[in-house]
Amino acid sequence: MTDNDQKQTSRREMLRLVGRVGVLGCLASLAGMLTGRLRAGCIEAGPACKGCPDQDGCDLVTPPTVWQLDPAKCTQCGQCATDCVLAQSAVRCFHTHALCGHCKLCFGYFEPGARVLSSAAENQLCPTGAIQRRFVEDPYYTYTIEKDLCIGCAKCVHGCGMFGNGSLYLQVDHELCKNCNECSIARRCPANAFERVPVSEAYLLKGQGEEEGH
Amino acid sequence: MKTRGIWIVLTLVAVAVVIFLSLRRGGPRVPQAYLYDVEQYREAETQVPLPYKETARWPLALREPRAVAVKGDGPVVVVGDRVALVLDAAGEELRRIELADEPRCVAVADVVYVGFLDRIVAYGLDGEKQAEWETLGEQAYLTGLAILGDEVFATDYGQRVVWRFDAEGKMRGRIRSASKSDGFVFPSPTFDVAADGDGLWVVNSGRRRVEQYSPQGKRGTMWGRSSMELDGFSGCCNPTHIAVMPDGRFVTTEKGLPRVKVYAADGTFAALVAGSVQLGQDAGLLDVAVDAAGRILVLDAADRSIRIYEEQPDDG
């Protein structure tokens with residue numbers, strides 16, 4: 001047997017050793033995970049985890065979090081419309097109807113100083129016409145947000161909060177958000193209004209317990 | 001040597017481009033079309049004379065002051081948190097009355113009437129509790145009180161009525177909307193009342209006007225128009241509060257663009273007392289009262305103070 005043969009054998013043995021150690025490590029990790037899962041009584045650990053009452057004692061997984069915008073901190077600067085990585089921002093206007101005054105003269109819908117309270121384009125505040133106004137009974141109207149048209153500029157949110165009841169507000173729409181590790185809107189938000197929230201409480205809605213929706 | 005010069009120039013150009021791009025990125029990038037702009041209306045406030053001057057400001061040791069009232073040239077009463085503060089004409093605290101609940105509104109004559117969400121409680125000026133009137137029900141949401149003669153009137157946002165009581169708290173009636181098509185509209189709890197020799201002046205804030213009522217509930221005149229201009233009322237629900245001056249003029253306060261204004265007895269705009277420049281854009285609801293000397297007392301809840309405004313002699 002030459003020196004070269006001895007070297008080849010050593011290399012093979014070394015690879016075999018590394019393989020064994022790897023397999024043993026994997027088995028140990030798997031055993032640990034199963035033990036921990038059983039201990040926590042958790043059957044949903046993993047990416048699908050939405051948190052559970054026992055999550056405080058859970059050392060298996062950190063419940064997933066998502067980006068959300070705190071309406072109480074938002075200053076309606078308009079940057080949500082321009083700073084999202086998506087072509088049309090994932091931040092959209094939400095409306096808590098229970099807080100709405102159903103005003104005929106809605107400052108979230110009409111340009112300040114609008115001469116006529118009609119739905120003509122020149123009277124509307126929204127740059128994309130994303131708010132639908134429907135007559136209920138004199139002098140009350142109902143307002144709904146067309147999600148596909150909303151760009152999250154917060155112009156209506158500003159008007160409603162300043163002159164009305166503040167029933168319009170921005171939220172990150174999780175049907176659209178890519179949940180980037182470093183949210184480009186959050187990074188530039190001048191009010192630090194963005195935060196990570198548990199996916200089980202993904203929305204910070206006004207008027208808790210009341211009907212929400214677009 | 002020539003090559004080295006080219007490299008220096010290229011380096012300087014690259015640095016300049018990087019600086020330019022970074023500055024450009026840091027500047028305003030939000031299109032004007034996305035911004036809510038009421039600057040022209042704020043600007044209009046600076047174009048008119050201010051015949052009233054803030055002559056004093058009384059800080060209040062209250063977390064959330066709610067309402068203010070004054071008895072002629074007598075004491076001033078401020079309610080908030082769970083207390084009623086009785087102040088003298090210089091703002092010094094005379095008495096502190098502990099309350100059982102969160103107060104919403106107040107009126108004062110020889111008795112201090114404190115309005116809670118669903119009932120009124122009467123206190124002597126010495127702080128003694130005199131009577132607790134019956135509850136007005138689960139839907140009640142009292143927002144304003146006024147005294148006319150020996151009667152007390154209370155505005156109830158929850159039930160959209162003005163309640164009429166005698167001095168002992170016995171209910172004598174209620175004032176409802178004059179008509180369904182032209183009645184009370186309140187998108188938010190801004191429903192105030194004041195009284196003078198002409199009867200009651202009720203704020204119908206959703207229609208952005210002030211309406212006169214007899215104590216029996218018959219509607220008389222009304223004034224006020226919906227407009228972003230200085231002489232009108234803007235927003236969903238303005239004016240928010242009203243007080244009557246000794247000479248019959250009115251003082252109103254507004255939210256949105258915070259404003260304190262004086263209107264003549266016939267409802268025509270007379271003067272801007274203070275606007276968003278003086279009060280700050282974040283001023284909340286501003287309750288108002290006027291003493292016998294014509295001093296305007298504005299309760300600034302955001303600043304937790306009472307601002308005193310006095311008319312300045314006309315130099316002309």
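Two strands count as paired if DSSP finds at least two bridges between them. Strands here are DSSP runs of E, at least two residues long, numbered from the N terminus. With that settled, strand 3 (residues 76-80) and strand 4 (residues 83-87) of chain B run antiparallel and are joined by five bridges. Within that pair, Val76(B) stands opposite Leu87(B) of strand 4.

A word on the source. This is a predicted model, in which local features need pLDDT of at least 70 and side-chain atom pairs count only at pLDDT 80 or more, while totals for chains, interfaces and linings use all residues. Residues are numbered from 1 along each chain as its sequence is written, chains are lettered from A in the order in which they are written, and side-chain values use heavy atoms, with hydrogens and water left out.

Back to the sheet. It is open, has four strands in the order 2-3-4-5 of chain B, and pairs antiparallel. Strand 2 (65-70) and strand 5 (93-98) each have a single partner strand, so one side of each has no neighbour in the sheet. From one strand to the next the twist averages 20°, taken between lines fitted to C-alpha atoms, with angles from 0 to 180 degrees between N-to-C directions.

Now the cysteines. A disulfide here is a pair of cysteine sulfur atoms within 2.5 Å. Over all chains the count is one: Cys236(B) with Cys237(B), sulfur atoms 2.0 Å apart. Both are buried, meaning under 20% relative accessible area with a 1.4 Å probe, protein chains only. Cys93(A) is in no disulfide, and its nearest cysteine sulfur, in Cys156(A), is 3.7 Å away. For Cys106(A), the closest cysteine sulfur is in Cys160(A) at 6.1 Å, too far for a bond.

How values were computed:
Buried < 20%, exposed > 50% of the residue type's maximum accessible area, 1.4 Å probe, protein only.
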